[in-house]
Amino acid sequence: MKMTKDVAQLMSGLRGDHRNMVMPLDLLDAEIARLGASGEPDYDFVRDIMLYVIEYPDAVHHPKENFVYRHLKSLRPEIHTDLERIETDHQYIEESGLKLRNSIEAISMGADLNRDELIEKFHHYSEQLREHMYWEETKLFSVADELQHFGDWSEVVLKNNEISDPLFGSRVERKYGRVLARIQKRVVWEKQNYRV
Ligand SMILES: [Fe+2]
Ligand SMILES: [Fe+2]
């Protein structure tokens, strides 16, 4: 019984991570759009967001999902065909994020990179991440919900370490203060304009 509750907690944590991720991605899209024409984005802000993505979603969230996926595969090997792209997706997202972070660093230091190409790469990255999260919610997470009462989940739950989210967790790391301030400002703006 207790294990089921823990699995439910694990899945609810993963869903929460996805909900949190939408705002940094929206802000990143808006900032990158300023790279075009004659505009300059807030490079520090873009770097902070990319640092967050590398530090939490890539390093903490994705490994947890990989454990869930491997466990589901051990319970129902036929599931593999539906979910096989998950680990490749994670690897690709992580590599793309690192490359983009290096590119934004280089361009902020004056490197002569093709801006339209970079905008396109960021656009693709953001789209892919959103699509990946949607796919996980409809495939991986729903299968995990279905199978949460089957088999022994103790190892997966054990691996659900309690590494706190440095931006959305109970203690916000000082380095993410600027990102958090922008998120809070945007939330207030959305409430005023869309009455959400
Ligand atoms: Fe994922
Ligand atoms: Fe995810």
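**View 1. H2 and H4 are roughly antiparallel to each other.** Their axes come within 10 Å and cross at roughly 165 degrees; axes here are lines fitted to C-alpha atoms, for helices over the stretch in contact, with angles running from 0 to 180 degrees between N-to-C directions. Angles under 35 degrees count as roughly parallel, over 145 as roughly antiparallel, 65 to 115 as roughly perpendicular and the rest as oblique. H2 passes H4 in a left-handed crossing, the term for a near helix turned anticlockwise from the far one by less than a right angle, with clockwise giving right-handed. On the H2 side, the residues that make the contact include Tyr43, Val46, Met50, His62 and Tyr69, and on the H4 side they include Ile86, His90, Leu100, Arg101 and Ser108. Two residues are in contact if their C-beta atoms, placed from the backbone, lie within 7 Å. By class, the contact of H2 with H4 has 11 nonpolar, five polar and seven charged residues. Ala, Val, Leu, Ile, Met, Phe, Trp, Tyr, Cys and Pro count as nonpolar, Asp, Glu, Lys and Arg as charged, and the others, Gly among them, as polar.

A word on conventions: this is a predicted model, in which local features need pLDDT of at least 70 and side-chain atom pairs count only at pLDDT 80 or more, while totals for chains, interfaces and linings use all residues. Residues are numbered from 1 along each chain as its sequence is written, and chains are lettered from A and ligands numbered from 1 in the order in which they are written.

**View 2. The protein chain as a whole has eight helices and zero strands.** Helices (H or I, at least four residues) and strands (E, at least two) are DSSP runs, numbered from the N terminus. The elements run α-α-α-α-α-α-α-α from the N terminus on. Along its principal axes, the C-alpha trace spans about 55 × 35 × 30 Å. Of the contacts with a separation of 6 or more, 75% are between residues 24 or more positions apart. Buried residues make up 20% of the 196 residues; a residue is buried if 20 or more other C-beta atoms lie within 10 Å of its own, exposed if 12 or fewer, and partly exposed in between, with C-beta atoms placed from the backbone.

**View 3. H4 also packs with H5, their axes coming within 10 Å and crossing at roughly 150 degrees.** That angle makes H4 roughly antiparallel to H5. The crossing of H4 and H5 is left-handed. Look for Asp89, Ile93, Gly97 and Leu100 among the H4 residues in the contact, and for Leu118, Phe122, Tyr125 and His132 among those of H5. Seven nonpolar, five polar and two charged residues take part in the contact of H4 with H5.

**View 4. H2 and helix H8 (residues 177–194) pack at an angle of about 100 degrees, with their axes 9 Å apart.** H2 is therefore roughly perpendicular to H8. Phe45, Asp48, Ile49 and Tyr52 of H2 meet Arg178, Val179 and Arg182 of H8. These residues divide into four nonpolar, no polar and three charged.

**View 5. The largest nonpolar core has 18 residues.** A nonpolar core is a set of buried Ala, Val, Leu, Ile, Met, Phe, Trp, Tyr and Cys residues joined through C-beta atoms within 7 Å. Val46, Ile49, Met50, Tyr52, Leu100, Leu167 and Val179 touch the most other members. Helices H1 (2–33), H2 (43–75), H4 (85–108) and H5 (115–138) each supply at least two residues of this core, and the largest share, six residues, comes from H2. Apart from this core lies another, of 12 residues, among them Val7, Val68, Leu83 and Ile86.

**View 6. Leu100 is in contact with Met50, Lys121, Phe122 and Tyr125, leaving aside its neighbours within four places in sequence.** Leu100 is one of the H4 residues that make the contact with H2, and Leu100 also belongs to the contact of H4 with H5.

**View 7. His132 is found in helix H5.** With 19 other C-beta atoms within 10 Å, His132 is partly exposed. Leaving aside neighbours within four places in sequence, His132 is in contact with Asp89 and Ile93. His132 and Arg85 are 47 residues apart in sequence and 9.9 Å apart in space, C-alpha to C-alpha.

**View 8. Met11 lies in helix H1.** Met11 counts as partly exposed because it has 19 C-beta neighbours inside 10 Å. Neighbours within four places in sequence aside, Met11 is in contact with Phe141, Ala144 and Asp145.
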